[in-house]
Amino acid sequence: MAGSEEQHVASWLNQIMRALEAFVPPLPLPETAHLGRAVTRSLTTKLRCVWSSETSRKPINDGLLPLKPDLVLQERPSGLFFGPQREFSWKDVISFMELTSSPYSHSDATRTIHNGVMRKAYAVFASQPSRRFLFSMSISQQELRVHMFDRSGVVHTHPYNIHRHPRTLLCMLSFLAFGQLENIGYDITFIPPQPSLPSTIKVGSTTYEVISRIFYNFVIRGRGTVCWHVRRDRKNYVIKGSWTHESRLNREADILRKIQGLKGIPQLIAAWTVQIGGSDDQTDIHRLSLSSPSDVRVHRRLLMEPVGMPISEFKTIRELLSILINILDTHMVLFEKFRILHCDVSINNTMIYVADIPESEGNEHEVGSGEASNAGNPEGDGGLHRSEALRNEVVDSQEDKLAQWDKERLQKIWAGLLRSGLLIDFDYATDLDQAPSSISGDRTGTIPFMSTNILLNYKKGGSTHTASDDLESVVYILIWINTVLKPWVMVANDIDAVNLGAIKRTLQSDPSIVTDEFTTFFKPLCPIVDKLLTQLGQFSSTDHILNYRALRNVLLEGFGMVEEVPDWSATKDPYGYGLLQQEAKRKAPSYMTSARCEVGESPQPVRRARHG
């Protein structure tokens, strides 16, 4: 009978844990404890969890990865549950164990126990965004190995024969069964939803109610960024949690403080390093050592406003083009006024929000603030005033047309008819007023949106990131949306990254490579994308302002002249606009939609989306 061996091992392990219970002193569960189904209750026994073999027969199929761990450690069933119970999911996994009679292999081949452990650990992290680290075990030919996963990577122990070294197994079983929640990988500052109670999260000593998860970067090693829409006292905020390099020179909170007040970027309210047991939560507190200080990651949270939504939730093509103009404007003010390079302009880092701008403010805002812009002039020489003078005049020249279109666009933003662009995620931005960072955690961006020059030099270690590289990324955001996740951005290694650079170079002379893929809803944008790609081929290597104006004018011309497809809807275009609208509601894992590169790492695969 399939699963019988696993059932016997689970029973054996539970017998051991019941025997160990007699030697464990009483440790009351904290009031805010959460395991598995996230139930707060008084313990009638110290043993709060059990090993189960049910998943060895039936995969955990909660829409993520239908895998079958041999054994899982889960919360002990409670009599407090009444009625039908929901199906067991990866959210309920405290730990897991893999069993095999075959020799252990470090190979990533599909059927090795090493591969199985890695894939199941990924499923746990993907389903538990607040998970800090995870311990799992494997037994291969009577040899026990412990696997510890955190944001700095994975550590595998040497093998221990369970008969000659039984104490190792006893220690791990005792630790997982009776250890404090924070010591087995849970974040006690984040409380999942409980019956009749919402999920909560802390920044400092203040607790916020979680409304929804906005974004989660489905990775183990890396920043593991998760963004939450939260509320307190009827006011909405965003909390961004991430694991950042301890030795990074330019930290996101410092960048946001420098640009505080600029519209079109998040406004920082509070920054906090998560505290666990009175100490900063970082990856070296549960490891004996890391290979270098740059491997240490620190758990930080930022409280910000406003709350944005994915750029793919634009309502019309004109609104999409206006949002991208906002992003260009914001980027150039960051560069020209604040000496900040974003370095990761991508689909996930450009959002939509409703700008709160009184019309009376008009041209008082800096050009490029995202809501008040002067027809592509970052020095602010009065382009908007020029359009005012044209109110009762015949518009003949292209320059006058651009000014009039920009005036119309701004008026629609002020009237609430168009929403604005929000440029987020300054974790890897560079402050040009400081010495450049040289640690291994630096990166050049999200691979599908990287500039041609950076990609072509990828194998050589990349090239110096410039303002024009970020400007070029805005064009690829538009192409990405219009082609709705087409496989022209497939990247699996360094060579693929260079090849993608060559493809992008070819696009500048043959835009049909992508425009032929545009679905009906986006066909009106073909001439706009043609012009944008042509402008990329004519980019100046030194004059970033000139490059900015060239792209902005093309987008503005599109805003003024594009003819929307009338009465188009997601149901009429299920494989184009319809698919895009689905993606706006279901964020795809980063391994499917973007490959983030850090120096010293190879790009991860970008797979065409089968999302979940």
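**View 1. Helix α5 lies across strands β19 and β20, running at about 45° to β20.** Angles run from 0 to 180 degrees between N-to-C directions, and axes are lines fitted to C-alpha atoms, for helices over the stretch in contact. Helices (H or I, at least four residues) and strands (E, at least two) are DSSP runs, numbered from the N terminus. Keep in mind that this is a predicted model, where local features need pLDDT of at least 70 and side-chain atom pairs count only at pLDDT 80 or more, while totals for chains, interfaces and linings use all residues. Residues are numbered from 1 along each chain as its sequence is written, and side-chain values use heavy atoms, with hydrogens and water left out.

**View 2. Here β17, β19 and β20 form an open antiparallel sheet, in the order β17-β19-β20.** Strands pair if DSSP finds at least two bridges between them. At the edges sit β17 (309-310) and β20 (420-423), each pairing on one side only. Strand β19 (residues 350-353) is joined to β17 by 2 bridges, and isoleucine 352 of β19 is the bridge partner of methionine 309.

**View 3. Helix α5 (residues 317-336) meets helix α7 (residues 398-414), with axes that come within 11 Å and cross at roughly 100°.** That makes the two helices roughly perpendicular (65 to 115 degrees; under 35 is roughly parallel, over 145 roughly antiparallel, the rest oblique). In contact (heavy atoms within 4.5 Å) are Arg318, Ser322, Ile325, Asn326 and Asp329 of α5 with Glu408, Arg409, Lys412 and Ile413 of α7.
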